[in-house]
Amino acid sequence: MTTGTALITGASSGIGASLAKQFAAKTHDLVLVARSGDVMEDLARDLRAEFKVDVLVIPCDLTAPDAVDQIKAALSAANVTVDYLVNNAGVANFGQFVERSTDDLHMLVKLNVDALFRLTSAFLPDFAANKRGGILNVASVAGLVPTPGYAVYGATKAFVVSLTESLAEEMRPHNVNVVALCPGLVDTPLVDKVAVQSEAAQDVPRQLLLDADKVAKQGYQALMKGEVISVAGVSYQAFTSWVRAMPRSVSRRATGLMNQIVKF
Ligand SMILES: NC(=O)c1ccc[n+]([C@@H]2O[C@H](COP(=O)([O-])OP(=O)(O)OC[C@H]3O[C@@H](n4cnc5c(N)ncnc54)[C@H](OP(=O)(O)O)[C@@H]3O)[C@@H](O)[C@H]2O)c1
């Protein structure tokens, strides 16, 4: 008997693939969602062999208008019910707002906000009615502090943090945990993509990056315990506490000056 099925978005790489391993190790059956079907099939094969769990792969572009319908149809065809939703798929784009294309920035809103919102709407009512299940949203430290230099990314993650905190309270009587995992910089392909856009990101020493498996383990534990906001990385915990203790007018000026110095 398994411990409930987890649907993980962005499971083809980085933190999402690590989360898939983490859930499988705790005997959860899995549904993996991202665009790269072949990569997820390889991961699914490994997870089935190592952990003896069932894994359904659903290749899907979550920014497609019918993404939720595609996922629901695939779940129904496979007769799979979801107990945990892990909204992990996300993209970043660093640089000054006025120097970035509207379409590129809008992609962040479509994936990091709109897809997460639509999946939450699709699954949370059942979790509440069944009085079981949970949602793990992969936000970011960027959702907790002002982010001049990557304004839209920070704004999308602030949406995720805000939605999570409010839903966590609404769901408390329904026995459903809603949790935001807020990592600092993690060693994943996303950091390489950001490094192409930002000189400062290129200069971050690799050893300062958090390990994706450790971040995923923290996220899993936070979900099961119902820790509503879980900041990954001790230095990032100190940084966010320090910035959030400042008056807002000071913290946005301080982060703005930091951005002028490091040129995000
Ligand atoms: N790395 C960091 O430093 C860091 C820090 C804080 C928070 N985060 C957050 O952690 C989450 C995971 O990021 P990561 O670092 O693991 O990045 P990653 O390795 O680039 O993984 C991103 C995942 O999202 C999927 N994805 C991208 N566009 C998609 C789309 N249109 N439809 C469906 N899936 C899509 C990708 O799969 P396909 O390309 O196969 O679709 C991939 O599986 C993101 O929400 C990110 O904002 C990352």
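Reader: What share of the 264 residues in the protein chain is buried?

Author: In this predicted model, buried residues make up 44% of the 264 residues in the protein chain. A residue is called buried if 20 or more other C-beta atoms lie within 10 Å of its own.

Reader: What makes the radius of gyration of the protein chain agree with that of a compact globule?

Author: A compact globule with 264 residues would have a radius of gyration near 18 Å, and the protein chain has 18 Å, so the two agree. Along the principal axes, the C-alpha atoms fill a box of roughly 55 × 40 × 35 Å.

Reader: Which secondary structure elements does the protein chain have, and how many?

Author: The protein chain has 10 helices and seven strands. Of the contacts with a separation of 6 or more, 70% are between residues 24 or more positions apart.

Reader: Why are α4 and α5 called roughly parallel?

Author: Helix α4 (residues 102–130) and helix α5 (residues 151–171) pack at an angle of about 10°. Angles under 35 degrees count as roughly parallel, and α4 and α5 are therefore roughly parallel to each other. Their axes are 9 Å apart.

Reader: Which residues make the contact between α4 and α5?

Author: On α4 they are L105, L108, V109, N112, V113, L116 and A128. On α5 they are V152, Y153, T156, K157, F159, V160 and M171. By class, the contact has 11 nonpolar, two polar and one charged residues.

Reader: What makes α1 a mostly covered helix?

Author: In α1, 11 of the 12 residues are buried. The buried ones are G14, I15, G16, A17, S18, L19, A20, K21, Q22, F23 and A24. Helix α1 covers residues 14–25 and reaches 17 Å from its first C-alpha to its last, close to the 16 Å expected. After α1 comes T27, with a positive phi near 65°.

Reader: Is S235 buried or exposed, and how do you know?

Author: S235 has 10 other C-beta atoms within 10 Å. A residue with 12 or fewer is called exposed, so S235 is exposed. S235 is found in helix α9. From V86, which is 149 residues away along the chain, S235 is separated by 25 Å between C-alpha atoms.

Reader: What makes V215 a buried residue?

Author: V215 has 26 other C-beta atoms within 10 Å. The cut-off for buried is 20 or more, so V215 is buried. V215 lies in helix α8 (residues 212–225).

Reader: Which residues is V215 in contact with, leaving aside its neighbours within four places in sequence?

Author: V215 is in contact with I15, P183, V186, L210 and A232. V186 is 29 residues from V215 in sequence, and their C-alpha atoms are 8.0 Å apart in space. I15 is one of the buried residues of α1.

Reader: Why does P59 count as partly exposed?

Author: P59 has 17 C-beta neighbours inside 10 Å. Buried needs 20 or more and exposed needs 12 or fewer, so P59 falls in between and counts as partly exposed. P59 is in strand β3 (residues 55–59). Not counting residues up to four places away in sequence, P59 touches R35 and G37. Between P59 and D38, 21 residues apart in sequence, the C-alpha distance is 8.7 Å.

Reader: Where is N79 found, and is N79 buried or exposed?

Author: N79 is in the loop between α3 and β4 (84–87). With 7 other C-beta atoms within 10 Å, against a limit of 12 or fewer, N79 is exposed. N79 is not a glycine, yet its phi is positive, about 60°.

Reader: How do you know whether K131 is buried or exposed?

Author: K131 has 11 other C-beta atoms within 10 Å. Exposed means 12 or fewer, so K131 is exposed. K131 lies in the loop between α4 and β5 (134–138) and has a positive phi of about 55° although it is not a glycine.

Definitions and conventions:
Residues numbered from 1 in each chain as written. Predicted model: local features only at pLDDT ≥ 70, side-chain atom pairs only at ≥ 80, totals over all residues. Helix = DSSP H or I, 4+ residues; strand = E, 2+ residues; numbered from the N terminus. Rg over C-alpha atoms; globule rule 2.2 N^0.38 Å. Contact = placed C-beta atoms within 7 Å. Axes fitted to C-alpha atoms, helices over the stretch in contact; angles between N-to-C directions. Parallel < 35°, antiparallel > 145°, perpendicular 65-115°, else oblique. Nonpolar A, V, L, I, M, F, W, Y, C, P; charged D, E, K, R; others polar. Expected span 1.5 Å × (residues − 1).
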